[in-house]
Amino acid sequence: MPIFQKKFAPKIAPPRGQRLNIGCPPPAEDLDDFRSISLNLVDKQLCFIDGIWMNGLKPTAGSASAGISGHSTDDVLRMKRRLKTLEQENNMLQVKLDVLVDLLTENVIALNEAKNQ
């Protein structure tokens, strides 16, 4: 009697396509259905446009933002907050750039002095 014997041999599963399509036709999904997502609430209609939920109507075929009827105060406040954070980030990067230019200038001066000596 062998020491290492197969005690359990699992059955091979049928291919996935055959398991799922048991008498049911495959679902017909159109990608355009998923590109324009809207949410109807009691007093608002929200649309998912370019990764952001915005108030307004569904976008038209011409452009993503052409179908918006107008910006609400929430959208304006969100845009102002985003603008403020971008301005702060820009200011911080400008300060970092100034510091790096100063360091580079000091190193170039020290290198030129070392070459002259």
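A hairpin of four residues links β1 to β2. This is a predicted model: local features need pLDDT of at least 70, side-chain atom pairs count only at pLDDT 80 or more, and totals for chains, interfaces and linings use all residues. Residues are numbered from 1 along each chain as its sequence is written, and side-chain values use heavy atoms, with hydrogens and water left out.

Me: What makes β1 a strand?
Reply: Strands are DSSP runs of E with at least two residues, numbered from the N terminus. β1 spans 37-40, and Ile37 has its place there.

Me: How do you know that β1 and β2 pair?
Reply: Pairing takes at least two bridges found by DSSP. β1 and β2 (residues 45-49) have four, in the antiparallel sense. Ile37 is the bridge partner of Phe48. Ser38 stands opposite Cys47. Asn40 has Gln45 as its partner in β2.

Me: What joins β2 to β3?
Reply: Four bridges do, and the two strands run antiparallel.

Me: Why are β1 and β3 at the edges?
Reply: The open sheet has the order β1-β2-β3. β1 (37-40) and β3 (52-55) each have a single partner strand, so one side of each lacks a neighbour in the sheet. From one strand to the next, the twist averages 30°. Such angles run from 0 to 180 degrees between N-to-C directions, with axes fitted to C-alpha atoms.

Me: Why is Ile37 called partly exposed?
Reply: Buried means under 20% relative accessible area, exposed over 50%, and partly exposed lies in between (1.4 Å probe, protein chains only). Ile37 has 37%, so Ile37 counts as partly exposed.

Me: What makes Ile37, Leu39, Leu41, Phe48 and Trp53 a patch?
Reply: Patch residues have over 30% relative accessible area and no salt bridge; nonpolar side chains are joined within 5 Å, like charges within 9 Å. A salt bridge puts a side-chain nitrogen of Lys or Arg within 4 Å of a carboxyl oxygen of Asp or Glu. These five residues form a nonpolar patch on the surface, with about 420 Å² of accessible area together.

Notes:
Accessible areas come from the Shrake-Rupley method with a 1.4 Å probe; for residues, only the protein chains shown count as cover.
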